[in-house]
Amino acid sequence: MQLIDTADVQRRIDALRDRDLYVHLEMTSGAYTAYYDSTKHPAANFITNAVVRFSHGGISGSGPYRVGLKMENGWIYTEGLTHYEGTETDRLIMAGHDTQGKLIVSLQLSPEPF
Amino acid sequence: MNKKILVVLPHPDDESFGLSGTLAKHVQDGDRITYACLTLGEMGRNMGNPPFASRVTLPAVRKLELEESCRAIGIQDLRLLGFRDKTIEFEEEELLDGRIGELLEELRPSVVYTFYPGYAVHPDHDACGEAVVRTVGRLPRESRPPVRCMAFARDHEDAIGKPDVVHDVREFLKPKLASIRAHRSQFNVPGIDSDKAYKSRELQERFGTERFWTYRFDR
(Lines give C-alpha, C1' and ligand atoms only; values in the text may rest on other atoms or scores of the structure.)
Protein backbone atom coordinates (compact mmCIF):
# COMPACT_ATOMS: atom_id res chain seq x y z
CA MET A 1 0.00 0.00 0.00
CA GLN A 2 1.21 3.52 -0.69
CA LEU A 3 -0.01 7.00 0.14
CA ILE A 4 -2.90 8.09 -2.02
CA ASP A 5 -2.13 9.87 -5.27
CA THR A 6 -5.47 11.49 -5.99
CA ALA A 7 -4.94 11.86 -9.74
CA ASP A 8 -4.11 8.16 -10.05
CA VAL A 9 -7.05 7.12 -7.87
CA GLN A 10 -9.38 9.34 -9.90
CA ARG A 11 -8.18 7.65 -13.11
CA ARG A 12 -8.85 4.25 -11.55
CA ILE A 13 -12.33 5.30 -10.40
CA ASP A 14 -13.16 6.52 -13.91
CA ALA A 15 -11.96 3.23 -15.39
CA LEU A 16 -14.44 1.29 -13.22
CA ARG A 17 -17.55 3.27 -14.17
CA ASP A 18 -20.67 1.66 -15.62
CA ARG A 19 -19.84 -1.96 -14.91
CA ASP A 20 -20.79 -4.56 -12.33
CA LEU A 21 -18.25 -4.65 -9.52
CA TYR A 22 -17.82 -6.45 -6.21
CA VAL A 23 -17.46 -4.06 -3.31
CA HIS A 24 -15.85 -4.44 0.07
CA LEU A 25 -16.69 -1.53 2.36
CA GLU A 26 -15.58 -1.56 5.95
CA MET A 27 -15.22 0.63 8.94
CA THR A 28 -14.05 -0.27 12.42
CA SER A 29 -13.23 1.57 15.61
CA GLY A 30 -11.23 -1.47 16.72
CA ALA A 31 -12.41 -4.33 18.89
CA TYR A 32 -10.37 -3.15 21.90
CA THR A 33 -11.49 0.50 21.72
CA ALA A 34 -13.69 0.34 24.80
CA TYR A 35 -11.19 -1.83 26.66
CA TYR A 36 -8.50 0.84 26.31
CA ASP A 37 -10.83 3.80 26.83
CA SER A 38 -14.20 3.16 28.43
CA THR A 39 -15.61 6.45 27.10
CA LYS A 40 -15.27 5.12 23.53
CA HIS A 41 -18.03 3.20 21.83
CA PRO A 42 -16.85 0.16 19.91
CA ALA A 43 -18.43 -0.23 16.49
CA ALA A 44 -17.62 -1.91 13.22
CA ASN A 45 -19.28 -2.97 10.03
CA PHE A 46 -18.43 -4.42 6.70
CA ILE A 47 -20.17 -5.55 3.59
CA THR A 48 -18.21 -7.76 1.26
CA ASN A 49 -18.86 -8.92 -2.29
CA ALA A 50 -22.10 -7.05 -2.78
CA VAL A 51 -22.50 -6.22 -6.48
CA VAL A 52 -22.62 -2.54 -7.34
CA ARG A 53 -22.42 -0.35 -10.40
CA PHE A 54 -21.67 3.38 -10.35
CA SER A 55 -21.99 5.95 -13.09
CA HIS A 56 -19.94 8.79 -11.65
CA GLY A 57 -17.41 9.05 -8.86
CA GLY A 58 -14.63 11.10 -7.38
CA ILE A 59 -11.96 11.49 -4.75
CA SER A 60 -11.59 14.75 -2.84
CA GLY A 61 -10.11 16.40 0.18
CA SER A 62 -6.53 17.18 1.13
CA GLY A 63 -5.88 13.98 3.09
CA PRO A 64 -7.28 11.89 4.59
CA TYR A 65 -9.43 11.71 1.48
CA ARG A 66 -13.10 11.15 0.72
CA VAL A 67 -14.55 9.06 -2.10
CA GLY A 68 -18.12 9.21 -3.37
CA LEU A 69 -19.59 6.93 -6.03
CA LYS A 70 -23.00 7.68 -7.52
CA MET A 71 -25.15 4.64 -8.30
CA GLU A 72 -28.49 4.49 -10.06
CA ASN A 73 -30.39 4.35 -6.76
CA GLY A 74 -27.95 5.57 -4.16
CA TRP A 75 -24.41 6.34 -3.14
CA ILE A 76 -21.27 4.73 -1.79
CA TYR A 77 -19.32 7.10 0.45
CA THR A 78 -16.12 6.77 2.44
CA GLU A 79 -14.21 9.31 4.49
CA GLY A 80 -10.76 8.88 6.00
CA LEU A 81 -8.82 7.17 3.19
CA THR A 82 -5.03 7.48 3.26
CA HIS A 83 -3.58 4.57 1.23
CA TYR A 84 -4.14 2.62 -1.97
CA GLU A 85 -2.53 -0.24 -3.81
CA GLY A 86 -0.73 1.16 -6.82
CA THR A 87 0.32 -2.19 -8.24
CA GLU A 88 -3.25 -3.42 -8.86
CA THR A 89 -4.32 -3.50 -12.46
CA ASP A 90 -8.08 -4.22 -12.44
CA ARG A 91 -8.98 -3.62 -8.82
CA LEU A 92 -9.11 -0.48 -6.70
CA ILE A 93 -7.99 -1.12 -3.13
CA MET A 94 -8.12 1.83 -0.75
CA ALA A 95 -7.88 2.12 3.02
CA GLY A 96 -7.52 4.64 5.79
CA HIS A 97 -4.90 3.94 8.44
CA ASP A 98 -4.47 5.94 11.64
CA THR A 99 -1.17 7.29 12.97
CA GLN A 100 -0.39 3.89 14.48
CA GLY A 101 -0.95 2.19 11.14
CA LYS A 102 -4.21 0.56 12.17
CA LEU A 103 -6.93 0.22 9.57
CA ILE A 104 -9.96 2.40 10.30
CA VAL A 105 -11.80 2.26 7.02
CA SER A 106 -11.52 0.54 3.64
CA LEU A 107 -13.17 0.69 0.26
CA GLN A 108 -12.31 -1.91 -2.38
CA LEU A 109 -13.79 -2.48 -5.82
CA SER A 110 -13.10 -5.39 -8.14
CA PRO A 111 -14.55 -7.05 -11.26
CA GLU A 112 -13.99 -10.41 -9.47
CA PRO A 113 -15.15 -11.35 -5.96
CA PHE A 114 -12.77 -10.72 -3.08
CA MET B 1 -38.14 46.90 -0.56
CA ASN B 2 -39.70 43.77 -2.02
CA LYS B 3 -36.41 42.40 -3.15
CA LYS B 4 -35.96 38.77 -4.05
CA ILE B 5 -33.50 36.92 -1.89
CA LEU B 6 -32.07 33.51 -2.76
CA VAL B 7 -30.56 31.30 -0.07
CA VAL B 8 -28.69 28.17 -1.14
CA LEU B 9 -27.49 25.89 1.67
CA PRO B 10 -26.94 22.15 1.81
CA HIS B 11 -28.56 21.10 5.11
CA PRO B 12 -31.65 21.87 7.13
CA ASP B 13 -30.34 23.94 10.10
CA ASP B 14 -27.54 25.63 8.11
CA GLU B 15 -29.72 28.74 8.17
CA SER B 16 -30.14 28.95 11.93
CA PHE B 17 -26.97 30.24 13.56
CA GLY B 18 -25.38 32.34 10.85
CA LEU B 19 -28.24 33.70 8.77
CA SER B 20 -31.72 33.47 10.33
CA GLY B 21 -31.61 36.93 11.94
CA THR B 22 -30.61 38.53 8.65
CA LEU B 23 -33.40 36.67 6.86
CA ALA B 24 -35.95 37.76 9.48
CA LYS B 25 -34.88 41.35 8.81
CA HIS B 26 -35.36 40.83 5.07
CA VAL B 27 -38.88 39.53 5.80
CA GLN B 28 -39.63 42.60 7.93
CA ASP B 29 -38.41 44.79 5.05
CA GLY B 30 -40.96 43.13 2.76
CA ASP B 31 -38.48 41.03 0.83
CA ARG B 32 -39.35 37.63 -0.60
CA ILE B 33 -37.05 34.78 0.32
CA THR B 34 -36.53 31.56 -1.59
CA TYR B 35 -34.53 29.00 0.37
CA ALA B 36 -33.12 26.18 -1.75
CA CYS B 37 -32.00 23.46 0.63
CA LEU B 38 -29.92 20.93 -1.25
CA THR B 39 -30.40 17.89 1.02
CA LEU B 40 -32.46 16.75 3.99
CA GLY B 41 -29.37 16.20 6.14
CA GLU B 42 -30.27 12.53 6.08
CA MET B 43 -26.78 11.40 7.07
CA GLY B 44 -26.69 13.48 10.24
CA ARG B 45 -25.54 11.76 13.40
CA ASN B 46 -27.71 13.68 15.83
CA MET B 47 -31.13 12.13 16.27
CA GLY B 48 -32.13 13.77 19.56
CA ASN B 49 -30.89 12.72 22.97
CA PRO B 50 -32.27 10.21 23.77
CA PRO B 51 -32.73 9.48 20.05
CA PHE B 52 -36.27 10.04 18.77
CA ALA B 53 -35.38 9.53 15.10
CA SER B 54 -33.64 6.77 13.19
CA ARG B 55 -31.54 6.69 10.01
CA VAL B 56 -34.83 5.81 8.26
CA THR B 57 -37.04 8.50 9.79
CA LEU B 58 -34.42 11.27 10.02
CA PRO B 59 -35.13 12.83 6.58
CA ALA B 60 -38.84 13.21 7.35
CA VAL B 61 -38.11 14.52 10.85
CA ARG B 62 -35.63 17.07 9.52
CA LYS B 63 -37.98 18.18 6.75
CA LEU B 64 -40.61 19.05 9.36
CA GLU B 65 -37.99 20.83 11.47
CA LEU B 66 -36.87 22.83 8.45
CA GLU B 67 -40.45 23.82 7.63
CA GLU B 68 -40.93 24.96 11.22
CA SER B 69 -37.69 26.97 11.08
CA CYS B 70 -38.81 28.64 7.85
CA ARG B 71 -42.17 29.56 9.42
CA ALA B 72 -40.35 31.02 12.43
CA ILE B 73 -38.16 33.20 10.20
CA GLY B 74 -40.96 34.06 7.78
CA ILE B 75 -39.36 32.46 4.70
CA GLN B 76 -42.07 32.31 2.06
CA ASP B 77 -40.69 29.82 -0.45
CA LEU B 78 -38.81 26.67 0.55
CA ARG B 79 -37.43 24.46 -2.23
CA LEU B 80 -36.09 21.02 -1.42
CA LEU B 81 -33.68 20.11 -4.20
CA GLY B 82 -33.40 16.41 -3.34
CA PHE B 83 -29.64 15.94 -3.36
CA ARG B 84 -28.13 13.60 -0.81
CA ASP B 85 -26.31 14.64 2.33
CA LYS B 86 -22.49 14.26 2.12
CA THR B 87 -22.49 13.84 -1.66
CA ILE B 88 -22.55 17.45 -2.91
CA GLU B 89 -18.79 17.50 -3.63
CA PHE B 90 -19.17 14.33 -5.72
CA GLU B 91 -22.38 15.29 -7.51
CA GLU B 92 -22.28 15.91 -11.23
CA GLU B 93 -21.50 19.61 -11.62
CA GLU B 94 -23.82 20.08 -14.58
CA LEU B 95 -26.75 18.73 -12.55
CA LEU B 96 -25.97 20.82 -9.47
CA ASP B 97 -25.13 24.02 -11.35
CA GLY B 98 -28.15 23.46 -13.59
CA ARG B 99 -30.56 23.47 -10.63
CA ILE B 100 -28.97 26.60 -9.15
CA GLY B 101 -28.92 28.24 -12.58
CA GLU B 102 -32.65 27.60 -12.99
CA LEU B 103 -33.33 29.36 -9.70
CA LEU B 104 -31.19 32.36 -10.69
CA GLU B 105 -33.00 32.54 -14.01
CA GLU B 106 -36.45 32.23 -12.47
CA LEU B 107 -35.97 34.58 -9.51
CA ARG B 108 -33.31 37.04 -10.63
CA PRO B 109 -32.47 37.65 -6.97
CA SER B 110 -30.98 40.89 -5.63
CA VAL B 111 -28.80 38.97 -3.18
CA VAL B 112 -27.70 35.36 -2.83
CA TYR B 113 -26.64 33.84 0.51
CA THR B 114 -24.51 30.71 0.75
CA PHE B 115 -21.30 29.40 2.35
CA TYR B 116 -17.85 30.75 1.50
CA PRO B 117 -16.20 28.07 -0.67
CA GLY B 118 -13.15 26.61 1.05
CA TYR B 119 -13.82 28.29 4.40
CA ALA B 120 -17.00 26.63 5.61
CA VAL B 121 -15.58 23.48 7.26
CA HIS B 122 -18.04 20.80 6.06
CA PRO B 123 -17.38 19.43 2.54
CA ASP B 124 -21.06 19.91 1.64
CA HIS B 125 -20.87 23.57 2.74
CA ASP B 126 -17.77 24.19 0.62
CA ALA B 127 -19.17 22.33 -2.40
CA CYS B 128 -22.47 24.22 -2.12
CA GLY B 129 -20.68 27.58 -2.02
CA GLU B 130 -18.47 26.52 -4.93
CA ALA B 131 -21.49 25.58 -7.04
CA VAL B 132 -23.19 28.91 -6.29
CA VAL B 133 -20.18 31.08 -7.14
CA ARG B 134 -19.44 28.95 -10.21
CA THR B 135 -23.00 29.41 -11.46
CA VAL B 136 -23.29 33.10 -10.59
CA GLY B 137 -19.82 33.61 -12.09
CA ARG B 138 -21.14 32.39 -15.46
CA LEU B 139 -23.66 35.25 -15.60
CA PRO B 140 -22.57 38.42 -17.38
CA ARG B 141 -20.75 40.63 -14.88
CA GLU B 142 -23.46 43.30 -14.82
CA SER B 143 -26.24 40.86 -13.97
CA ARG B 144 -24.45 39.02 -11.17
CA PRO B 145 -26.17 39.46 -7.81
CA PRO B 146 -23.86 39.92 -4.83
CA VAL B 147 -23.11 36.57 -3.21
CA ARG B 148 -22.89 36.94 0.57
CA CYS B 149 -20.99 34.06 2.11
CA MET B 150 -20.76 32.64 5.60
CA ALA B 151 -17.31 31.48 6.71
CA PHE B 152 -16.18 29.90 9.93
CA ALA B 153 -13.14 27.75 9.17
CA ARG B 154 -10.23 28.12 11.56
CA ASP B 155 -8.09 31.16 10.69
CA HIS B 156 -10.42 32.09 7.82
CA GLU B 157 -9.79 35.81 8.36
CA ASP B 158 -6.10 35.28 7.60
CA ALA B 159 -7.10 34.21 4.11
CA ILE B 160 -10.22 36.23 3.29
CA GLY B 161 -9.96 39.17 5.65
CA LYS B 162 -12.71 40.70 7.73
CA PRO B 163 -16.36 40.33 6.78
CA ASP B 164 -17.57 43.29 4.71
CA VAL B 165 -21.20 42.89 5.78
CA VAL B 166 -21.96 42.70 9.50
CA HIS B 167 -25.56 42.69 10.70
CA ASP B 168 -26.69 43.46 14.21
CA VAL B 169 -29.63 41.05 14.52
CA ARG B 170 -30.38 41.47 18.25
CA GLU B 171 -33.78 42.83 17.27
CA PHE B 172 -34.48 39.54 15.48
CA LEU B 173 -33.37 37.20 18.21
CA LYS B 174 -36.90 35.89 18.77
CA PRO B 175 -37.26 34.33 15.30
CA LYS B 176 -33.61 33.31 15.35
CA LEU B 177 -33.97 31.37 18.59
CA ALA B 178 -37.21 29.85 17.27
CA SER B 179 -35.31 28.71 14.18
CA ILE B 180 -32.63 27.09 16.34
CA ARG B 181 -35.29 25.48 18.55
CA ALA B 182 -37.09 24.11 15.49
CA HIS B 183 -34.15 21.84 14.71
CA ARG B 184 -34.64 19.87 17.90
CA SER B 185 -33.09 16.66 16.55
CA GLN B 186 -29.87 18.56 15.86
CA PHE B 187 -29.40 21.23 18.49
CA ASN B 188 -29.77 21.33 22.21
CA VAL B 189 -28.82 24.83 23.25
CA PRO B 190 -29.38 25.36 26.96
CA GLY B 191 -31.40 28.38 28.00
CA ILE B 192 -33.23 29.15 24.75
CA ASP B 193 -36.50 27.38 25.49
CA SER B 194 -38.13 30.11 27.53
CA ASP B 195 -40.43 32.63 25.80
CA LYS B 196 -38.32 35.42 27.25
CA ALA B 197 -34.97 33.97 26.13
CA TYR B 198 -34.62 36.51 23.33
CA LYS B 199 -34.35 39.27 25.96
CA SER B 200 -31.32 37.64 27.57
CA ARG B 201 -28.23 39.82 27.42
CA GLU B 202 -26.04 36.73 27.19
CA LEU B 203 -27.93 35.27 24.22
CA GLN B 204 -27.99 38.67 22.51
CA GLU B 205 -24.23 38.77 22.88
CA ARG B 206 -23.80 35.21 21.62
CA PHE B 207 -26.23 35.22 18.69
CA GLY B 208 -26.76 38.92 17.95
CA THR B 209 -24.25 39.40 15.13
CA GLU B 210 -24.19 37.78 11.68
CA ARG B 211 -21.17 38.16 9.38
CA PHE B 212 -20.84 37.83 5.64
CA TRP B 213 -18.13 38.09 3.03
CA THR B 214 -19.24 39.31 -0.38
CA TYR B 215 -17.59 36.94 -2.84
CA ARG B 216 -15.06 38.66 -5.09
CA PHE B 217 -15.18 37.16 -8.55
CA ASP B 218 -12.12 39.12 -9.63
CA ARG B 219 -9.85 37.49 -7.01
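Predicted model: local features only at pLDDT ≥ 70, side-chain atom pairs only at ≥ 80, totals over all residues.
The C-alpha trace of chain A spans about 45 × 25 × 25 Å along its principal axes. How does the radius of gyration of chain A agree with that of a compact globule, and what are the values? A compact globule with 114 residues would have a radius of gyration near 13 Å, and chain A has 14 Å, so the value agrees with that expectation. Of the 114 residues in chain A, 22% count as buried, a class that requires 20 or more other C-beta atoms within 10 Å of a residue's own. Among contacts in this chain between residues at least 6 apart in sequence, 51% join residues at least 24 apart.

Seven strands of chain B form an open sheet in the order β3-β2-β1-β4-β5-β7-β6, with mixed pairing. At the edges stand β3 (77-80) and β6 (165-168) of chain B; each has a single partner strand, so one side of each is left without a neighbour in the sheet. From one strand to the next, the twist averages 25°. Within this sheet, strand β4 (residues 111-115) of chain B runs parallel to strand β5 (residues 147-150) of chain B, and four bridges join them. For B:Tyr113, the bridge partner in β5(B) is B:Arg148. In general, the strands of a sheet pair through backbone hydrogen bonds, and they do so either parallel or antiparallel.

Helices of chain B pack across these strands. Helix α1 (residues 16-28) of chain B lies across β1 (4-9), β2 (32-37), β4, β5, β6 and β7 (209-214) of chain B, and runs at about 90° to β7(B). Helix α4 (residues 123-137) of chain B lies across β1, β4 and β5 of chain B, running at about 150° to β4(B).

Finally, the two chains meet. Nine residues from chain A and seven residues from chain B take part in the contact. On the side of chain A that touches chain B, the elements giving two or more residues are β4 (54-60), β5 (65-71) and β6 (74-81) of chain A. The largest share of that side, four residues, comes from β4(A). By residue type, the side of chain A that touches chain B divides into two nonpolar, five polar and two charged residues.

Notes: Residues numbered from 1 in each chain as written. Chains lettered and ligands numbered in written order. Contact = placed C-beta atoms within 7 Å. Nonpolar A, V, L, I, M, F, W, Y, C, P; charged D, E, K, R; others polar. Pairing = 2+ DSSP bridges. Axes fitted to C-alpha atoms, helices over the stretch in contact; angles between N-to-C directions. Rg over C-alpha atoms; globule rule 2.2 N^0.38 Å. Buried ≥ 20, exposed ≤ 12 C-beta atoms within 10 Å, placed from the backbone.
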